Amino acid sequence: MTVLSVLQQELENEAKTTRKMLSIVPDAQFEWQPHSKSMSLKSLSAHVAELPSWVRMVLETDELDFQQNPYTMPSFQTTTELLEFFEKNLLDARDALASADESTFQQPWTLRAGETIYSADPKVEVLRMTFSQIIHHRAQLGVFLRLLDIPIPGSYGPSADDMSFA
């Protein structure tokens, strides 16, 4: 098993759980946020749905400079459009991994804002971190949904909402 095949399998495994979670985001609640310092439900959902796009970016560039690339929130109005956005990014990540060259995985990739460097790591480590970010922000999304009394689907087995306790 190669590093590339492990990354491809991990992407597919996490996509199943991410798809389940994004599919239950209520578009009527997109503007809700649990705290003034928290993202809105829409912003957090968008971030989860866009993270697979980082796979191509990491493989085909050497850095992301936030000062040179200001963030633009993706535009969607419904949960269906959110899922379409996720699926587009997932397909792009699959395609990028399918054509990836493992010999480039140890090349450095830098995350910065101008002169401030947040991280400089081998590309393979940034890909691993990208998958971890998907999981991390998906878990945040689960907390947001729980606070809205929306039953949570299981991730790596059944959730408390999937279980029947007698």
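Trainee: Which helices do the buried residues of H4 pack against?
Mentor: They pack against helix H1 (3-22), helix H2 (41-50) and helix H3 (54-60). Keep in mind that this is a predicted model.
Trainee: And which residues of H4 are buried?
Mentor: Thr79, Leu82, Phe85, Phe86, Asn89, Leu90, Ala93, Ala96 and Leu97. Seen down the axis of H4, these fall within an arc of 135 degrees, so they line one face of the helix.
Trainee: Why would residues spaced like that point the same way?
Mentor: An α-helix has 3.6 residues a turn, so residues three or four places apart point the same way.
Trainee: What exposed residues are on the face turned away from the buried side of H4?
Mentor: Glu84, Lys88 and Ala98.
Trainee: How far does H4 reach?
Mentor: From its first C-alpha to its last, H4 (residues 79-98) spans 28 Å. That is close to the 28 Å expected for its 20 residues at 1.5 Å a residue.
Trainee: Switching to the strands. What order are they in?
Mentor: The order is S1-S2-S3, in an open sheet of three strands with mixed pairing. Strand S1 (63-65) and strand S3 (116-122) are the edge strands, each pairing on one side only. From one strand to the next, the twist averages 10 degrees.
Trainee: Do S1 and S2 run parallel or antiparallel?
Mentor: Parallel, with three bridges joining S1 to strand S2 (residues 108-113). Leucine 64 has leucine 111 in S2 as its bridge partner.
Trainee: Which helix lies across S2 and S3?
Mentor: Helix H5 (residues 123-147), which runs at about 105 degrees to S3.

Notes
Residues are numbered from 1 along each chain as its sequence is written. This is a predicted model: local features need pLDDT of at least 70, side-chain atom pairs count only at pLDDT 80 or more; totals for chains, interfaces and linings use all residues. Side-chain values use heavy atoms; hydrogens and water are left out. Two strands pair if DSSP finds at least two bridges between them. Helices (H or I, at least four residues) and strands (E, at least two) are DSSP runs, numbered from the N terminus. Axes are lines fitted to C-alpha atoms, for helices over the stretch in contact, and angles run from 0 to 180 degrees between N-to-C directions. Contact means heavy atoms within 4.5 Å. The expected span of a helix is 1.5 Å times one less than its number of residues. Buried means under 20% relative accessible area, exposed over 50%, partly exposed in between (1.4 Å probe, protein chains only). The arc is that of the directions from the helix axis to the C-beta atoms.
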